[in-house]
Amino acid sequence: MIDQLRDFKRDYYCGDLNESNIGEEVRLLGWVDTVRDHGGVIFINLRDREGIVQVVFDPSKIGEKLYNKAKKLKSEYVIGVRGRVNRRPAGTENPKMKTGNIEVAGEELLILNTSKALPFPIEDNIKVSEEVRLKYRYLDLRRPSMQRNIILRHEVYQAVREFLAGNGFIEVETPMLTKSTPEGARDFLVPSRLEKGKFYALPQSPQLFKQILMVAGLERYFQIAKCFRDEDLRADRQPEFTQIDLEMSFVTEDDVITLAESLIQHVYKKVLGIDIKIPFRRMSYEEAINKYGTDKPDLRYGLELIDITDLAKEVEFKVFNDVAKSGGLVKGINIKGGSKFSRKEIDELTEYAKKFGAKGMAWVKLENGEATSPILKFFTEEQKQKLFSLMDAKDGDLLIFIADKKDITYKVLGFLRKHIAEKMNLIDNSRLEFLWVVDFPLFEWDEEENRLVAIHHPFTSPKDEDIDRLDEALNNPEIALSFKSKAYDMVLNGEEIGGGSIRIHTPYIQEKVFQLLNISEEEAKEKFGFLIEALSYGAPPHGGLAFGLDRILALMTGSESIRDMIAFPKTQKGICPLTGAPDYVSEKQLKEVGIKVEVDEEW
Ligand code: ASP
């Protein structure tokens, strides 16, 4: 059999044809999107990566052999068509199609492959489970919206490379088979065959390598890097995901921040044609938590948190009073126009609050000049007025309050704020609210482990004023909780899209921070000895950040899930339905790497 493609070369992509091609003879290759038979005339929608064009086989104009061949065509057959581009007869144009004014009169047809009946149609807005979409990912990816996503991803890669290479960054690949890098998640492990009993870890990020590249004098590094974190796949996470990772020498927080926002500005302009204003707003971690209950606030709407703890100390209402006096926090939100909420809707809000750990939710409804509330009877007239003034309460408002331990009050109100904004349609999806959250604490207290843990990671530099207090904190870890770090997060519409820090660049300070984190000298040496050693050979001051590429893409396209932005993602259970990974391996393979698998029946 001769290769049918030997003398048949594509002249155009289907979607690229237009009226300027009328009269031209063209050769096209692609998939049969649809077949229709109109009184014996066969109409094919031929689809390729760039779009669709209509091809016509008219028995009054072509020979019987060709016509009979065309009659065999079914959805997703792979074909080649040669024919002349014509203007569609008046009245048969399709304004919904990019190529809707033209059609191709088929004169030659190659059938390059057939297709089985499809598990789902190749079109957008299909109702089919994600499991099935992922099993037949090659069909799912033929759908126009998925093609657009994958192409957009490619365009973002190119824009990132263009900007960073243009700004003196050097692209370096760091190893996938490596040692554990702590980013706060579990490692994926790979057994070593040559050194039985030893394991590589897949990188949670290129953090240590990029710092070492700075010690190596590369000055500016970037990588579009795969990262692996074996976490429980809450919400919209993937066990392997992609970061735009970068690091710079001789920089301050401001330098990295400026570079990073310029990169985002460039990518949005280049890929979406959208102008983004820089510099982005900056907000301290403290302000973000106090006002929004979260370190990644969505600034597209108000509903700010208001502190009434001092007032709560005075009132007779026991729930408020106890919390306020025992170091807890009483905070509220004024829902403007919320008085229209029915009792049932308020109960629903309370139930929602309970999901995040609240014991209850207090409220005050201001309607028709009257205040209704289960709690106001515990307030004196003066206290009521004070409450209304603190909350800026007006007729038509609904005030809600959470009283609990600090963390819970913030968390619950943070989630309620978002829930209410969604419920009341306050979110303008056309807005892009970028924000830098800065001045993060360096550490937090881990109740379970009973020790300090790094909020960003252990390589993040404390602020200059706190560096001098490291020794003091070694005897009194409480002090360390007040330390601030040179870390920064970029937030877009309530999602963290990037984060980084200025790093510790002297072995002396790095060792102290390990000590504060209760990492023993031995453990530090064993795990990060190579970093400490590298830092002791003239490491320049350096810092950087990493963007979550999948998340940025999902925000750019308005996709609900990052899975739609990844060619071959895992399900929420970490499974690849296409290949069946993860899978068992043969006894022989296990033996080679010295592994015995114990299967616990209960698992
Ligand atoms: N390695 C960090 C992360 O994955 C980013 C950075 O500090 O540059 O979050």
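Arginine 229 is buried, with a relative accessible area of 15%; buried here means under 20% relative accessible area, exposed means over 50%, and partly exposed is in between, with a 1.4 Å probe and protein chains only. I start with that residue and then go through the rest of the model.

A word on the source. This is a predicted model, in which local features need pLDDT of at least 70 and side-chain atom pairs count only at pLDDT 80 or more, while totals for chains, interfaces and linings use all residues. Residues are numbered from 1 along each chain as its sequence is written, and side-chain values use heavy atoms, with hydrogens and water left out.

Back to arginine 229. Its place is the loop between strand S9 (220-228) and strand S10 (240-249). Helices (H or I, at least four residues) and strands (E, at least two) are DSSP runs, numbered from the N terminus. What is arginine 229 in contact with, leaving aside its neighbours within four places in sequence? The list is Glu183, Ala185, Arg186, Phe188, Gln204, Ser205, Pro239, Phe241 and Gln243, where contact means heavy atoms within 4.5 Å.

Asparagine 45 sits in strand S2 (residues 41-48). Not counting residues up to four places away in sequence, asparagine 45 touches Trp31, Val32, Asp33, Thr34, Arg36, Ile52, Val53, Gln54 and Met97.

Now the whole protein. It has 19 helices and 22 strands. The C-alpha trace spans about 95 × 75 × 55 Å along its principal axes. Of the 603 residues, 47% count as buried. Taking contacts between residues at least 6 apart in sequence, 68% join residues at least 24 apart.

Next, aromatic pairs. The search of the whole structure finds 13 of them. The rule is that rings of Phe, Tyr and Trp (its six-membered ring) pair if their centres lie within 6.5 Å; planes under 30 degrees apart count as stacked, over 60 as edge-to-face and the rest as tilted.

One of the pairs is tyrosine 268 with phenylalanine 434: the ring centres are 5.8 Å apart and the planes are at 90 degrees, so this pair is edge-to-face. Tyrosine 268 is in helix H6 (residues 253-272) and phenylalanine 434 is in strand S17 (residues 434-438), so the pair ties together parts that are 166 residues apart in sequence. Are these two residues buried or exposed? Tyrosine 268 is buried at a relative accessible area of 2%, and phenylalanine 434 counts as buried at 7%.

Phenylalanine 434 also pairs with phenylalanine 280, and that pair is stacked, with 4.5 Å centre to centre and 10 degrees between the planes. Phenylalanine 280 lies in the loop between H6 and strand S11 (281-284), 154 residues from phenylalanine 434, so the pair links distant parts of the chain. Phenylalanine 280 counts as buried, at 6% relative accessibility. Elsewhere, Phe317, Phe320, Phe378 and Phe401 form one aromatic cluster.

That leaves helix packing. Two packed helices are described by the angle between their axes and the distance between the axes. Axes are lines fitted to C-alpha atoms, for helices over the stretch in contact, and angles run from 0 to 180 degrees between N-to-C directions.Helix H5 (residues 207-215) and helix H17 (residues 521-535) pack at an angle of about 20 degrees, with axes 10 Å apart. H5 and H17 are therefore roughly parallel to each other; angles under 35 degrees count as roughly parallel, over 145 as roughly antiparallel, 65 to 115 as roughly perpendicular and the rest as oblique. Their crossing is left-handed: a crossing is left-handed if the near helix is turned anticlockwise from the far one by less than a right angle, and right-handed if clockwise. H5 contributes Leu208, Gln211, Ile212 and Val215 to the contact, and H17 contributes Phe528, Phe530, Leu531 and Ala534. By class, that is seven nonpolar, one polar and no charged residues. Ala, Val, Leu, Ile, Met, Phe, Trp, Tyr, Cys and Pro count as nonpolar, Asp, Glu, Lys and Arg as charged, and the others, Gly among them, as polar.

Helix H4 (residues 144-166) and helix H18 (residues 549-557) pack at about 120 degrees, with their axes 11 Å apart. That makes H4 oblique to H18, and the crossing is right-handed. Asn149, Leu152, Arg153, Val156 and Tyr157 in H4 meet Leu549, Asp550, Leu553, Met556 and Thr557 in H18. These divide into six nonpolar, two polar and two charged residues.

Last, threonine 557 of H18. Threonine 557 counts as partly exposed, at 32% relative accessibility. Apart from neighbours within four places in sequence, threonine 557 is in contact with Asn149, Leu152 and Met565.
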